[in-house]
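Subject: Structure handover

Hi,

Here is the structure I promised to pass on to you. Please have a look at it before you read my notes.

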Amino acid sequence: MVSEFILVGFSTFPLHLLPAFFLLYLLMYLFTLLGNLIIMATVWSEHGLHTPMYLFLCALSTSEILFTVAVTPRMLVDMLSSHRSITFVACASQMFFSFTFGFTHSFLLMIMGYDRYVAICHPLRYNVLMSTRTCARLVSWTWAGGSVMGMMVTLIVFHLTFCGSNVVHHFFCHAFSLLKLSCGKETSSVSLGVILVCVTALMGCLFLIVLSYVFIVAAILRIPSAEGRHKTFSTCVSHLTVVIVHYGFASIIYLKPKSPHSMDSNTLMATTYTVFTPFLSPIIFSLRNKELKNAIKKSFQRKFSSLSS
């Protein structure tokens, strides 16, 4: 019976490249933490940003920080270490947290799409439909839903028997990599069940986001002036860009055919979703959202002026 797993990760890469990869991913990880913390601090300090949209953005930043904390530090340590084993319990914990925060991120993107739909298609009822209590309830449901999904997938995978190889061809305890190591008659049905659960949840979120934007685009096209259409659509640009990046990279990774001869490229592709996507998200929201960008500038100017005085 398997009591620990060995994470292959970047161990197949040439040794002279590992310090460069370590530095690159460390800087991206630190920038992800810093960028999301700046967004959260700005929203908290600026009373003009105490609106549902920015409440959801704070929750999204929190989920991104927790997701990267669950995955990236372990990957960075293993890059420069010769001891890449992880205990059974630690592996299950990492899978639970990565799935929990990953699904929470998708659910929050769906809720943010609904928020933009209500703001544009039902502006007069916005304060009623998106009250503070409703927003808090929606955020709570996203976290609860992410926790349920994470627990469900983790229990399904670790209910299996691992009696063969303990070498995981990934840099963290990824469900589909672990399923390949399980043995028993029920392995194929469990693998199909995990795939169906994940795909149904993620595609359901994507479908509702797309549906929201169908109604949003229809409402924007009814606005008579070009300036009004542009101003209204600009409130959705940052969210829409993050959705495209999030689902775009996920599709490239999971729909791309895996080849045993291109393990290094598969590892690099996986980092686009676990490291690069969280790195891009605060940049997109900071640069594409004028209100948030101005608030961050104002906050920094206030800090510098107080320091200089």
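Below is what I found, going from the whole chain down to single residues.

First, the ground rules: this is a predicted model, so local features are given only where pLDDT is at least 70 and side-chain atom pairs count only at pLDDT 80 or more, whereas totals for chains, interfaces and linings use all residues. Residues are numbered from 1 along each chain as its sequence is written, and side-chain values use heavy atoms, with hydrogens and water left out.

**The whole chain**

The chain contains eleven helices and three strands. Both kinds of element are DSSP runs numbered from the N terminus: helices are H or I with at least four residues, and strands are E with at least two. In sequence order the pattern is β-α-α-β-α-α-α-β-α-α-α-α-α-α. With a radius of gyration of 21 Å, close to the 19 Å from the globule rule for 309 residues, the chain is as compact as a globular protein of that length. That radius is taken over C-alpha atoms, and the rule is 2.2 Å times the number of residues to the power 0.38. Along the principal axes, the C-alpha atoms fill a box of roughly 65 × 50 × 35 Å.

Of the 309 residues, 47% count as buried. Here buried means under 20% relative accessible area, exposed means over 50%, and partly exposed is in between (1.4 Å probe, protein chains only). The accessible surface of the chain is about 15,800 Å², and carbon and sulfur atoms hold 72% of that. Areas come from the Shrake-Rupley method with a 1.4 Å probe, and for residues only the protein chains shown count as cover.

Contacts (heavy atoms within 4.5 Å) tell their own story: among those with a separation of 6 or more, 79% are between residues 24 or more positions apart.

On charge, there are 20 positive and 9 negative side chains, and the centres of the two sets are 9 Å apart. Lys and Arg are the positive ones and Asp and Glu the negative ones, with His and the chain ends not counted. Each charge is placed at NZ of Lys, CZ of Arg, CG of Asp or CD of Glu.

**The sheet**

The three strands make an open sheet with mixed pairing, in the order β2-β1-β3. Two strands pair if DSSP finds at least two bridges between them. The edges are β2 (85–87) and β3 (167–168), each of which pairs on one side only.

Strand β1 (residues 4–7) is antiparallel to β2, with three bridges between them. E4 has T87 of β2 as its bridge partner, while F5 stands opposite I86 in β2. On the other pairing, β1 and β3 run parallel and are joined by two bridges; there, I6 has V167 as its bridge partner.

**Residues in helices**

A59 belongs to helix α2 and is buried, at 8% relative accessible area.

From G102 to A144 the C-alpha distance is 12 Å, over 42 residues of sequence.

H246 sits in helix α9 (residues 237–255), and its 4% relative accessibility makes it buried. Leaving out residues up to four places away in sequence, H246 touches H105, S106, L109, Y273 and T277.

**Residues in loops**

L80 is in the loop between α2 (52–79) and β2. L80 is exposed, at 53% relative accessible area. Although L80 and L18 are 62 residues apart in sequence, their C-alpha atoms are 7.2 Å apart.

K180 is in the loop between α6 (175–179) and α7 (187–221), where its relative accessibility of 69% counts as exposed. K180 and H169 are eleven residues apart along the chain, with 9.5 Å between their C-alpha atoms.
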